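Dear colleague,

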Amino acid sequence: MIRLAKSEKELKEVANKLRLDVIEMTSEAGSGHPGGSLSSADLMAVLYFRVMNHRPSDPSWDGRDRFILSKGHVAPILYASLAESGYFPVDELMTLRKINSRLQGHPVRGKVPGVEMSTGSLGQGLSMACGFALAAKMDGKKHRVYCLIGDGELQSGMNWEAAMFASQYKLNNLVAFVDRNRLQISGCTDDVMSIEPLERKWESFGWRVVTVDGHNIGQIINACNWAKRARTRPTVVIMNTIKGKGVSFMENNVAFHGKSCNQEEAVCAENELEEAMRFCR
Amino acid sequence: MSQMLAQRDYYGKALRALACREDIVVLDADLAGSTKTSEFQKVCPERFVEVGIAEQNMIGISSGLAAEGKTVFASTFGVFATGRCWEQIRLCAAYPKLNIKIVATHCGISVGEDGATHQALEDISLMRTLPNMTVISPADAYETYAATMAIAEYDGPVYMRMGRSPVPTVSKEGEKFTIGKAKVLLEGKDVSLFGTGQMVFNCIEAAEELRKEGISAEVINVSTIKPLDRETVLASVSGTGCAVTAEEHSIIGGLGSAVSELISEELPSPVQRIGTMDMFGESGSPAELFVKYGLTSSDIAEAARRAIKKKR
Ligand SMILES: Cc1ncc(C[n+]2csc(CCOP(=O)(O)OP(=O)(O)O)c2C)c(N)n1
């Protein structure tokens with residue numbers, strides 16, 4: 001378990017620890033989605049160890065910020081973030097995808113402390129997040145709602161229904177993050193079904209838009225701070241990322257979208273990540 | 001001797017063979033490698049259409065193509081194909097009776113480790129309620145191939161489902177597939193075992209187990225769930241006096257319901273249903289899940305003993 005990290009350097013180390021957990025747990029499971037998990041690791045480190053108000057010892061604390069993982073297939077990075085921040089024992093990560101485990105292949109609400117919503121069918125998370133954000137408004141509550149969406153996932157039209165809704169209802173307490181790693185299952189997002197021009201799309205739907213380097217901790221923190229200053233509009237943070245980030249042979253490699261490392265690859269990946277962590281210290 | 005073959009591989013092979021037909025168009029929603037529509041893409045990229053992660057849009061597009069004379073195959077995982085797009089299918093395919101073949105892979109609990117969100121246990125039920133819709137669940141890879149060929153010939157909307165993993169073959173390569181015909185695989189006189197999909201193999205194993213106890217079970221492969229082969233079902237039950245249904249699907253709304261509805265109206269006799277109960281699945285290996293959710297051949301055999309006891 002990692003205690004709240006403060007400096008950017010510490011957060012970078014946390015992100016790599018989360019990556020290490022992802023590699024270990026998916027390799028042990030023999031399946032799962034490491035590629036998109038690694039691309040989201042820096043954001044998850046920032047959210048769970050710096051930005052979000054939450055109490056791992058009291059998962060249903062009413063004042064907590066809510067996090068919805070719309071791209072539910074990257075459950076491993078969510079589980080790693082929850083375990084490392086103290087929601088459940090880190091050892092339990094090794095039960096991922098096994099029978100009778102709480103750590104299902106895709107997140108399940110009510111099964112794991114800290115998982116706000118069941119996801120895994122792509123395209124629905126932002127609508128759920130709108131509901132959370134609207135409830136907060138109705139009840140005069142101050143917490144924020146964060147939602148992580150895949151760039152391929154944005155091809156699903158329901159996202160845009162939600163995007164319209166969020167600006168109509170002035171959900172300034174809602175922050176969406178797009179993990180723009182430019183890959184999905186069948187290859188480059190641009191080839192499968194382009195979502196360009198992405199910034200202008202969100203803008204035209206009435207959102208505040210900021211684009212950051214999704215592996216730059218400082219930029220992610222700044223974007224979150226900027227989101228907190230929203231008065232009337234929801235905010236989207238478009239994060240340029242690399243699928244498989246942190247493990248040389250997985251980077252930009254579409255093969256690792258939904259395939260775990262074999263033993264040899266896992267050793268290699270773990271060495272690289274441990275080296276990167278040493279470098280952070 | 002049965003072999004272990006994946007149905008979706010044979011779906012891919014069949015699409016490849018169908019590529020020579022100019023009217024065939026294949027649609028995919030970012031899962032071509034998994035659903036094996038990539039096999040068609042390899043030989044016929046000009047009639048392969050990638051829509052991205054947008055299943056509802058895929059069904060809408062299918063209807064326009066079909067209305068203009070194309071025979072459309074649209075594929076994705078069972079949950080997304082049927083649940084996500086149910087009303088689109090109702091309006092775009094079923095109501096106007098268009099030539100849209102929705103072929104879903106990754107159905108049933110044997111999807112395994114991905115867990116409940118990806119295990120279609122309601123798809124047969126959802127599709128069966130739609131007027132004009134034909135619902136097919138082939139038992140093995142060879143039957144999948146033959147069924148793909150048959151639905152390409154058939155005029156009208158079809159839903160066909162299959163699992164992900166290799167399954168034992170129960171039919172022969174090249175065997176003919178007739179939509180709406182159930183096949184008696186083993187004759188028996190004490191109980192009828194109606195299976196669909198990969199559960200047909202489990203029925204055969206169950207019959208073997210029962211035979212050792214002196215119980216003679218009839219095994220019927222019901223690969224077309226709608227329209228149900230009423231004659232074959234009723235003929236079998238009138239001989240045996242009781243039935244077991246077995247499907248890798250919820251006991252609500254699928255084969256078990258279809259057979260029960262028919263038998264209760266025409267030939268009231270005891271029926272025991274094997275399928276997942278009124279619950280979602282979970283992550284685990286397919287074999288472990290089959291045991292935990294009561295879908296093994298011994299579960300079927302046990303259901304047969306119960307059905308026989310209930311006979312009057
Ligand atoms: C509705 C739906 N359709 C298809 C899938 C199968 N699927 C799982 S991940 C994925 C690709 C996701 O790509 P992207 O959103 O870019 O995620 P990332 O690259 O970050 O992993 C697909 C098509 C799904 N889970 N849900």
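The contact between the chains draws 25 residues from chain A and 22 residues from chain B. Please note that this is a predicted model. The area buried between chain B and chain A is about 1800 Å², and carbon and sulfur atoms give 49% of it. On the chain B side, the greatest losses of area to chain A fall on Asp30(B), Ile53(B) and Arg84(B), which together make up 32% of what that side buries.

The largest pocket has a volume of about 880 Å³. Its lining comprises 42 residues, and those closest to the centre are His33(A), Ile185(A), His257(A), Gly258(A) and Leu31(B). At least two lining residues each are supplied by β4 (183–184) of chain A and by α2 (32–35) and α5 (78–84) of chain B. By class, the lining of the largest pocket has 19 polar, 14 charged and nine nonpolar residues.

The second largest pocket has a volume of about 420 Å³. It is lined by 24 residues, of which Ser121(A), Val79(B), Ala116(B), Thr117(B) and Phe280(B) lie nearest its centre. The elements that give two or more residues to this lining are α5 (125–138) of chain A together with α5 and α7 (123–128) of chain B. The largest share, five residues, comes from α5(B). The lining of the second largest pocket divides into twelve polar, eight nonpolar and four charged residues.

The largest cavity has a volume of about 90 Å³. Residues of chain B line the largest cavity, among them Gln7(B), Cys107(B), Arg161(B), Met162(B) and Glu248(B). That lining has seven polar, three nonpolar and two charged residues. The second largest cavity has a volume of about 60 Å³, and its lining includes Tyr48(A), Met52(A), His54(A), Arg64(A), Asp65(A) and Glu116(A). Here the classes are six nonpolar, three charged and two polar residues.

Finally, a note on the fold of chain A. Strand β6 (residues 208–213) of chain A and strand β7 (residues 235–240) of chain A run parallel and are joined by six bridges. Between β6(A) and β7(A) the chain passes through helix α9 (residues 217–228) of chain A, forming a β-α-β crossover that is right-handed. Within this pair of strands, Val210(A) has Val237(A) in β7(A) as its bridge partner.

Yours sincerely

Methods
Residues numbered from 1 in each chain as written. Chains lettered and ligands numbered in written order. Predicted model: local features only at pLDDT ≥ 70, side-chain atom pairs only at ≥ 80, totals over all residues. Heavy atoms only, no water. Pairing = 2+ DSSP bridges. Helix = DSSP H or I, 4+ residues; strand = E, 2+ residues; numbered from the N terminus. Right-handed = clockwise from strand over helix to strand, strands pointing away. 1 Å grid on protein atoms, 1.4 Å probe; cavity = no way out; pocket = protein on both sides within 12 Å on 5 of 7 lines; lining within 4 Å. Points joined across faces, edges and corners; volume = space filled by probe spheres on them. Nonpolar A, V, L, I, M, F, W, Y, C, P; charged D, E, K, R; others polar. Contact = heavy atoms within 4.5 Å. Buried area = accessible area lost by both parts, 1.4 Å probe.
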